[in-house]
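The paragraphs below take the overall build before the local detail.

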Amino acid sequence: MMSKGENGMADSASSFKAADTVIQLAQTHKPKPDPNGLVFGSVFTDHMLTIEWSLQEGWQKPHIQPFGNLSMHPGCSALHYAIQLFEGMKAYRGPDNKVRLFRPMLNMNRMLKSAHRACLPSFDCAELMECIKKLVDLDQDWVPHSDSASLYIRPTLLGTEPTLGVKKPSSALLFVILSPVGSYFSTGAKPVSLWADSKYIRAWRGGTGDCKMGGNYGSSIYAQYEAVDFGCQQVLWLYGDDHQITEVGTMNLFLYWINEKGEEELATPPLDGIILPGVTRQSILELARQWSGFKVSERYLTMSDLRRALEENRVKEMFGSGTACVVSPVGRILYQGENLHIPCEGSFPPLASRLLKELTDIQYGRTPSDWSCII
């Protein structure tokens, strides 16, 4: 692994430099899709960023090049042992026509943390951010002129050593691709239904649940289809014998309720190693702590806590949060054969609605904020 500075980043001498980026422009340009009919992650822009690394030579110069397929050895470690990680972030076009990123360094720092856990090479987060800015700037015409669509950014890092040995890879590839995406709510902002069952576990202590690795998501697909078989849209992931509530689908989870002490509280599970430290999660906590009127907590919540609170009419709202949806209300949970109905005023309850507006106003530049980064 590379040496690290005091802030956990790779020493600048051991990382690639955005200033060294080699740019090869695409000779042809694909037509831009209609922002009203976008399917998530199905259309890609004209260019991509690639940066190669090897143990012998370190990081090579970043290359922005025409979008195209990758060439990989069939024995590379990413294909066999899931030595791979990714990030998800977005670029937004505001009413002033400027393109903005939302708290991008949080994504870069999380990606570096994932890289350490996966035994993949370290890098300078600020340099990667500058490379991504160059790529987005080059393909900025792909950022939709819409307040319900955006440009999804997918940085990925994978092991490429051509060996079947189970070990740290001696070569790796970092690449970034871009995809215009529409609103998460393709059929309107409706509360989701959840299947809560302890049969499948998303993450466990000592595992990689707090890192953004592809294996965490691939292993969840089977449970997702089982949830649909039970008439639900997403999985509510439980953990432990006491059925702790952890995440919903691929989102962090929040419960707005009157707690056991009679306090009005917005609560979400703590970052104890099995919860992904979501950027939207952190932003919701920071916004809510600036407001008055209710307590904001990171605490354990169990299904028995929720069931008791519902019986005593103490639940106000429940919602998921993430980059794709921002905020997604929960309307029903199927648990141990019983449908637990979560209060939902209209299609979008008050607190979830307020948080959605506050966050999207910042993301699209309608509200000035140091969380916005103009390209």
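The protein chain contains 8 helices and 19 strands, where helices (H or I, at least four residues) and strands (E, at least two) are DSSP runs numbered from the N terminus. Its radius of gyration is 21 Å, close to the 21 Å that the globule rule gives for 375 residues, so the chain is as compact as a globular protein of that length. That radius is taken over C-alpha atoms, and the rule is 2.2 Å times the number of residues to the power 0.38. Along its principal axes, the C-alpha trace spans about 65 × 50 × 40 Å.

This is a predicted model, in which local features need pLDDT of at least 70 and side-chain atom pairs count only at pLDDT 80 or more, while totals for chains, interfaces and linings use all residues. Residues are numbered from 1 along each chain as its sequence is written, and side-chain values use heavy atoms, with hydrogens and water left out.

Of the 375 residues in the protein chain, 55% are buried; buried means under 20% relative accessible area, exposed over 50%, and partly exposed in between (1.4 Å probe, protein chains only). Contacts are heavy atoms within 4.5 Å. Among those with a separation of 6 or more, 71% join residues 24 or more positions apart. The chain exposes about 16,800 Å², of which carbon and sulfur atoms supply 51%; the areas come from the Shrake-Rupley method with a 1.4 Å probe, and for residues only the protein chains shown count as cover.

Strand β11 (residues 234–239) pairs with β12 in the antiparallel sense over 3 bridges, pairing being defined as at least two DSSP bridges between two strands. L236 has V248 of β12 as its bridge partner. The hairpin of β11 and β12 has 4 residues between the strands, and G240 takes a positive phi near 85° there.

β12 also pairs with strand β13 (residues 251–258), in the antiparallel sense over 2 bridges. Here the bridge partner of V248 is M251 of β13. This hairpin has 2 residues between the strands, and G249 takes a positive phi near 60°.

S321 is found in strand β16 (residues 315–322) and is buried, with a relative accessible area of 1%.
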